[in-house]
Amino acid sequence: MRVGIGYDIHRLVEGRPLILGGVPVVHEKGLLGHSDADVLVHAICDAILGAAGSGDIGMHFPDNDPQYKDISSLELLSNTCRMVAAKGFRIINLDTIVFAEAPKLGSQRHDMQQMIAKTMNVAAEQVNIKATTTEGLGVIGKGEGIGAMCVALIE
């Protein structure tokens with residue numbers, strides 16, 4: 001058994017769609033980034049890569065490479081899963097958390113869980129998604145960004 005942890009944070013800006021867990025989320029702002037800036041999926045990729053001893057998302061999908069401009073982070077996740085499977089690993093489970101003051105994600109967590117599980121070719125029960133606020137503290141609390149963390153267990 002091997003464990004990895006991933007973390008990501010992106011700034012919220014006007015004029016971008018908000019994508020979390022591969023799901024469009026209704027909000028007046030979206031996340032700024034080279035790809036679709038899906039912080040949840042980026043944290044998952046980092047956790048899986050870390051558990052496999054395979055570096056991090058920036059190493060495999062650099063944000064200065066034009067081929068990743070506006071790419072769906074689900075494609076990055078699919079590629080990440082193929083990489084670790086090629087090393088002989090399989091994913092046991094993920095435990096994730098999204099940090100955001102707004103929007104509230106309760107009603108969309110199930111859709112995110114389903115989308116991530118489908119992309120990874122695992123059962124939905126292997127993907128846990130939680131959401132919390134930072135009680136108004138810091139850049140997330142001020143509504144300037146959204147962050148996510150993930151712990152991945154692989155064998």
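This is a predicted model: local features need pLDDT of at least 70, side-chain atom pairs count only at pLDDT 80 or more; totals for chains, interfaces and linings use all residues.
Reader: Why is Arg16 called buried?

Author: The relative accessibility of Arg16 is 19%. Buried means under 20%, so Arg16 counts as buried.

Reader: What makes Arg16 and Asp70 a salt bridge?

Author: The closest N and O atoms of Arg16 and Asp70 are 3.6 Å apart. The rule asks for a side-chain nitrogen of Lys or Arg within 4 Å of a carboxyl oxygen of Asp or Glu, so the pair qualifies.

Reader: Which parts of the chain does that pair link?

Author: Arg16 is in the loop between S1 and strand S2 (18-20), while Asp70 is in the loop between H2 and helix H3 (73-86). These are distant parts of the chain, 54 residues apart.

Reader: How do you know that Lys69 forms a salt bridge with Asp70?

Author: For Lys69 and Asp70 the closest N and O atoms are 3.9 Å apart. The limit is 4 Å, so this pair also counts as a salt bridge.

Reader: Why is Lys69 called partly exposed?

Author: Lys69 has a relative accessible area of 47%. Exposed begins over 50% and buried lies under 20%, so Lys69 falls in between and is partly exposed.

Reader: What makes Asp95 and Lys130 a salt bridge, and which parts does the pair tie together?

Author: The closest N and O atoms of Asp95 and Lys130 are 2.6 Å apart, and the rule requires them to be within 4 Å, so the pair is a salt bridge. Asp95 lies in strand S5 (residues 91-99) and Lys130 in strand S6 (residues 127-132), so the pair ties together parts that are 35 residues apart in sequence.

Reader: Are those two residues called buried or partly exposed, and why?

Author: Asp95 has 31% relative accessibility and Lys130 has 32%.

Reader: Which residues are joined into one network?

Author: Arg16, Lys69 and Asp70 are joined, through salt bridges that share partners. By the salt-bridge rule, the count comes to four.

Reader: Why is Glu14 called exposed?

Author: Glu14 has a relative accessible area of 65%, and the cut-off is over 50%, so Glu14 is exposed. Glu14 is found in the loop between S1 and S2. Glu14 and Glu28 are 14 residues apart in sequence, and their C-alpha atoms are 6.8 Å apart in space.

Reader: Why is Gly138 called partly exposed?

Author: The relative accessible area of Gly138 is 42%. Gly138 is found in helix H5 (residues 138-141).

Reader: How much space lies in the largest pocket, and which residues are the closest to its centre?

Author: About 250 Å³ of space lies in the largest pocket. Of the 14 residues that line the largest pocket, His10, Ser35, His42, Phe61 and Asp63 are the closest to its centre. The lining divides into five nonpolar, six polar and three charged residues. S1, helix H1 (39-51) and helix H2 (57-60) each supply at least two residues of that lining.

Terms used
Residues are numbered from 1 along each chain as its sequence is written. Side-chain values use heavy atoms; hydrogens and water are left out. On a 1 Å grid over the protein atoms alone, a cavity is a set of points where a 1.4 Å probe fits but cannot get out, and a pocket is an open set with protein on both sides within 12 Å along at least five of seven lines; lining residues have an atom within 4 Å of a point. Grid points are joined across faces, edges and corners, and a volume is the space filled by probe spheres set on the points. Helices (H or I, at least four residues) and strands (E, at least two) are DSSP runs, numbered from the N terminus. Ala, Val, Leu, Ile, Met, Phe, Trp, Tyr, Cys and Pro count as nonpolar, Asp, Glu, Lys and Arg as charged, and the others, Gly among them, as polar. Buried means under 20% relative accessible area, exposed over 50%, partly exposed in between (1.4 Å probe, protein chains only).
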